[in-house]
Amino acid sequence: MKSTQDQQLNIGVLLYGCGHHQAAWLMPDSSIGRIGDISYYQSLAQLAERGYFDAVFFADSQSFPGKHSTDMPAFWFDPVVNLTAISQVTEHVGLVSTISSTFSNPFTASRQLLSLDHITNGRVGWNLVTSMTDLEALNHGMESLPPHDKRYEKADEFADLMNKLFLSWDGNDFVHQRETGELIDPSGIRPINHEGTYFKVHGPSTTPKSPQGKPVLMQAGASKPGIALAAKYADAVYSVSWNLKQAKRFREKLDEQVHQHDANQRHVKVFPGLVTYVGHTREEALAKKAALDEQLPLETALKQLSYFIRQDCSDWEIDQPVPPLPPVEEFTGPVGRYETILEIVNDTQPTVRELLGYLSAGGGHLTLIGTPADIADQMELWFKAGVADGFNLMPPTLPGSLDDFVELVVPELQKRGLFRTNYEGHTLREHFGLPLE
């Protein structure tokens, strides 16, 4: 018999600036003035917890161009520090931080995550990335990012080493017996003596394993090496899927890799990104999207598109069809987003302006517009089709779109038995229905 967690959706939220739509900061009720205020993020996490979300998640970038008047300083706080502050005003919601294997020191990163996991009694997860820009590399003593295959080779060693550090000793080895004069049981505390291609770490960690064993590992790469890495190490994957066909293809690729790497055929959860515009009527929901799209700064949107497809789009005719794009096999940038853009173009044959509208919030993730029942219908369809174990919500505006989802969509999902009505456990592993490590 399936557990309750297997029969219900997992829902997280990616907190970004004042919302994922590029025009969110221009709206009259924008929260743009608060993106440097920690109480803002604390209040968003409390809102997610009120909706019984599994986790709040922070992406990260370790560079800030600051060259254009529209550059968004969304990564104001280090995500681990931000989540530590959030942990003090929440009790249940999971806390997921992005960690770059290209730039991070594994001993320091594992210690920070374990520390927060102890502080929260087991609510922590981490999203393993290899980073995407040369500008980030310049902040870490590099001339440019290493080649894609080398980044993933390093990420594989990084993940393996992080697991060793996470589990290098147990809190039970801290015996603190005054009667015998023993503080620790050294028989259970061993160095790991890791010597690899990229890292050399003696160990053990200064921090024992967490109440949930080790933090939950998320992964988001959609390239072949990224999927292979997820199949080998990840508990769950953040994915980009514009439509059901793309979601099915990703699930099949991931399952194929899991079969190659894991004799036990474990199930790696998949959480596609989800952008929602919710109203009491479909017309109200459409009006919310239209109000944002009308404010969309075309120069900023074209700059984002140029970044996604790795070519200059600034001189494209805005109301003409999208020019031919090279096949994904010839693309050298982040593959997942590019595949999604190709899917949108193939599905809709859009003008450049229409493509920018599709990408304006979330960059091409599943976008649902309508009533709570409309939204829940599609979420249920993807869940029951086996292509989504849950979703990573990407609200167009914050807090408005998140509040809409919590107040309108969550009750509809609960009515259908698709989402929890209370937290049954405490740790993030319990929320996801994952075994204790």
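Figure 1. Lys200 has a relative accessibility of 67%, and because exposed means over 50%, Lys200 counts as exposed. This lysine belongs to strand β8, which covers residues 200-201. When residues up to four places away in sequence are not counted, Lys200 touches His194 and Glu195. A view that also takes in Phe107 relates Lys200 to a part of the chain 93 residues away in sequence, with a separation of 9.9 Å between the two C-alpha atoms.

**Figure 2. A nonpolar surface patch that includes Phe174.** With a relative accessibility of 44%, Phe174 counts as partly exposed.

**Figure 3. The largest nonpolar core and the surroundings of Leu413.** The largest nonpolar core holds 68 residues, and those that touch the most other members are Phe53, Val56, Trp126, Met379, Leu402, Phe405 and Leu413. Helix α6, spanning residues 148-166, supplies the largest share of this core, with 8 residues. Around Leu413, again leaving aside residues up to four places away in sequence, the residues touched are Leu9, Ile11, Ala376, Met379, Phe405, Leu418 and Phe419. In soluble globular proteins, nonpolar side chains tend to be buried together.

**Figure 4. Another core, apart from the largest one.**

**Figure 5. The protein chain as the setting for the close-up views.** The protein chain of the predicted model contains 15 helices and 13 strands. Its radius of gyration is 22 Å, close to the 22 Å given by the globule rule for 437 residues, so the chain is as compact as a globular protein of that length. Taken along the principal axes, the box filled by the C-alpha atoms is roughly 80 × 50 × 45 Å. Of the 437 residues, 53% count as buried, while the accessible surface of the chain comes to about 19,400 Å², with 51% of this surface belonging to carbon and sulfur atoms. Among the contacts with a separation of 6 or more, 77% are accounted for by residues 24 or more positions apart.

Methods. Residues numbered from 1 in each chain as written. Predicted model: local features only at pLDDT ≥ 70, side-chain atom pairs only at ≥ 80, totals over all residues. Heavy atoms only, no water. Helix = DSSP H or I, 4+ residues; strand = E, 2+ residues; numbered from the N terminus. Buried < 20%, exposed > 50% of the residue type's maximum accessible area, 1.4 Å probe, protein only. Contact = heavy atoms within 4.5 Å. Patch = residues over 30% accessible without salt bridge, like charges linked within 9 Å, V, L, I, M, F, W, Y side chains within 5 Å. Areas by Shrake-Rupley, 256 points an atom, 1.4 Å probe, with all protein chains shown as cover. Salt bridge = Lys/Arg side-chain N within 4 Å of Asp/Glu carboxyl O. Core = buried A, V, L, I, M, F, W, Y, C linked by side-chain atoms within 4.5 Å. Rg over C-alpha atoms; globule rule 2.2 N^0.38 Å.
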